[in-house]
Amino acid sequence: MLNKAYAALIGAALSAAFVAGCGTQPAAERSSQLYETCMPCHGSSGEGNLALRAPAIAGLPKWYVLAQLEKFKKGVRGAHPDDMEGHRMRPMARSLLGPNDPELVADHVSKMRAVWEKPDFAMADTSAGGTTYRGLCVTCHGEGGEGNEALGAPPITRQHDWYMVAQLRKFQSGMRGSNPDDITGAQMRAMSLTLADSVAMHDVVSYVKTLPH
Amino acid sequence: MLDHLIASAASFSGDVDGLFVLITVLVGVWFIAAEAMFFWLIFRFRAKDGEKAQYVTGKEKHLKKWINIPHALVLVCDVVIIVAAIRVWVTIKQTLPPADRTVRVVAQQWAWTFADPGPDQKLDTPDDIRTTDELHVEVGKTYHFLLESKDVVHSFFVPAFRLKQDADPGRIYTGWFKPTKTGSYDILCAEICGIGHGVMGALLVVDTPEAFQAWEQAHAAETPAEAASATESTPAPAAGQ
C-alpha cells in the first residue's frame, strides 16, 4: 500500500517535471531573450557599436536579418580568414539552436525602432556619390535607398557610414561575397569592384547619408 | 592507457597520459590510505560506556612516527611527481625539435584561422593556404606552430594531442607537435574569451601523406586570389569627424 502511494507520488512529480520542461515559452519573451545574445555588440536598441564594428540593425527587415543569419550559420558569410567582425558574428548566429530561433530574433530586430545614424565621417563629394549611386546602386537598393526584398538588397539609409564603407571594402577584397553560395553577396561584390578607390566609396556612402530616412 | 577515453594522436600525448596516471595513482593511494585510517580510527576509538576519552598530544616518539613516516613517504611521492612533470614539461615546452613544416595559428573572437605555408613551405608568401575552422597536417611530420591572438587572451587546446598553449595579443608563441594518427580532432579555446567562447571550435585534420598532398594541391590553386584580400578590415572615422 505504502509502496503504491510512493510510486504514485514519484510518478506525479516526474510528470509535473516533464510538463514543465515541455512548456512553451511565449514567442515575444523568447525573442527578447534571444536578443540578449546580440546586445553586447549591437546595443540594447540595435544602434550598433563602432568600437566593436557592429552595425546598426534596429528596424532592418525580417527577411534580410534572417537571410544574413542563415549565411553566417552556414559559413557563407563571416568565414574568410581576415573577416574579424564576421568571426564574431558567425558563432553568435550558430548559437541560435532552436528551429525557430533565427526567425524569432529576426522578427524582434525588425520591430525595433530604427534611428537615423548621423555620419561619423566628414561628408565627401555627395554630387559625385549621387552619380555613382544612380548608376550602380539604384537598381537593387532603390532610388531612396529603401532596399528591395525581391533582389535581396537591404535598406541602407539608416546604416552607419563607417559600416557601409567597411562592407564595400570587404566586398572589394573578397572577404565578403566571394563564397560560391553567396548569390546576393556575389552581385554586390561585382558592383563594389566598379568603385575605383576609397574616395569613390566615401562619395557614394556620403550620398546615401543625404537620402531621406 | 587513456586512449579508450580520449584519442591519443601526438608523439607526446602518451607522456602527458603517463604523468596523469602517475599523479592519479600516487595521490589516489594516499587518499585511500588516509580515508581508511580515518574511518578505522573513528570506528575503533568510538565512544564506549565507562571508558574515558584521553587527550594525546602526539609528541611522544612512538606516536609521532605515525605522522613522520607517512609525511616522509608523501614527500618522496611529491619529488617523483615533480621530476616526472619536469621531464614532460621539458619534452613539450622546452624542446623544439627541427620542424618539417611550420604553420600559423591565429585566435580571435571567436574563430581559429590557420596559415599553411603551401608548396614553397614558407609562410607569408603568396602560395600560403589560409583557412578558417580547419587545420590540415600530415601524419608523422614534426610541425612548429606560430600562435598569436588578434584581440584577447585565448588558449589553443587540442585534447587529442594533450596540447594547450595560451595566446596573448601582441606575442607570438612557438610550439610544436608531431601527429601520430590520422583522423579529425577537436581544437578548442581553453581560456574564457567572451560571449562566443563556448562555440569557438575548429578541427585539426591529420591526413595521410597522399591526402595531405591532394588537399594542398586543391587549395594552392585558389590561394593567390585569397591572398589579395588581406586588406584593411573596418576603417575608423578620423578623430574629430
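Helices, meaning DSSP runs of H or I with at least four residues, and strands, meaning DSSP runs of E with at least two, are numbered from the N terminus in the legends that follow. The model shown in these views is a predicted one.

Figure 1. The C-alpha trace of chain B extends over about 90 × 55 × 30 Å along its principal axes, and the radius of gyration of chain B is 26 Å, whereas a compact globule of 241 residues would have one near 18 Å. Of the 241 residues in chain B, 37% are buried. When contacts in chain B between residues at least 6 apart in sequence are considered, 67% of them join residues at least 24 apart.

Figure 2. A polar contact of 2.9 Å links the side chain of B:Gln165 to the side chain of B:Lys93. Once neighbours within four places in sequence are left aside, the residues in contact with B:Gln165 are B:Lys93, B:Phe145, B:Leu147, B:His154, B:Ser155, B:Phe156 and B:Tyr173.

Figure 3. In the loop between β1 (101–108) and β2 (111–116) of chain B lies B:Trp110, which is joined to B:Gln109 by a cis peptide bond with omega of about -10 degrees. B:Asp124, in the loop between β2 and β3 (129–132) of chain B, is a residue other than glycine with a positive phi, near 65 degrees, and B:Asp124 counts as exposed at 58% relative accessibility. B:Arg162, in the loop between β6 (154–158) and β7 of chain B, likewise has a positive phi without being glycine, here near 55 degrees, but B:Arg162 counts as buried at 14% relative accessibility.

**Figure 4. The crossing of helices α4 and α5 in chain A.** The axes of helix α4 (residues 62–74) and helix α5 (residues 84–94) of chain A come within 8 Å and cross at roughly 100 degrees, so α4(A) is roughly perpendicular to α5(A). Where the two helices meet, α4(A) contributes A:Leu69, A:Phe72, A:Lys73 and A:Lys74, while α5(A) contributes A:Gly86, A:Met89, A:Arg90, A:Ala93 and A:Arg94. Sorted by class, this contact of α4(A) with α5(A) has 4 nonpolar, 1 polar and 4 charged residues.

Terms used: Residues numbered from 1 in each chain as written. Chains lettered and ligands numbered in written order. Predicted model: local features only at pLDDT ≥ 70, side-chain atom pairs only at ≥ 80, totals over all residues. Heavy atoms only, no water. Polar contact = N/O pair within 3.5 Å; in protein donor to acceptor, adjacent residues only side chain to side chain. Contact = heavy atoms within 4.5 Å. Axes fitted to C-alpha atoms, helices over the stretch in contact; angles between N-to-C directions. Parallel < 35°, antiparallel > 145°, perpendicular 65-115°, else oblique. Nonpolar A, V, L, I, M, F, W, Y, C, P; charged D, E, K, R; others polar. Rg over C-alpha atoms; globule rule 2.2 N^0.38 Å. Buried < 20%, exposed > 50% of the residue type's maximum accessible area, 1.4 Å probe, protein only.
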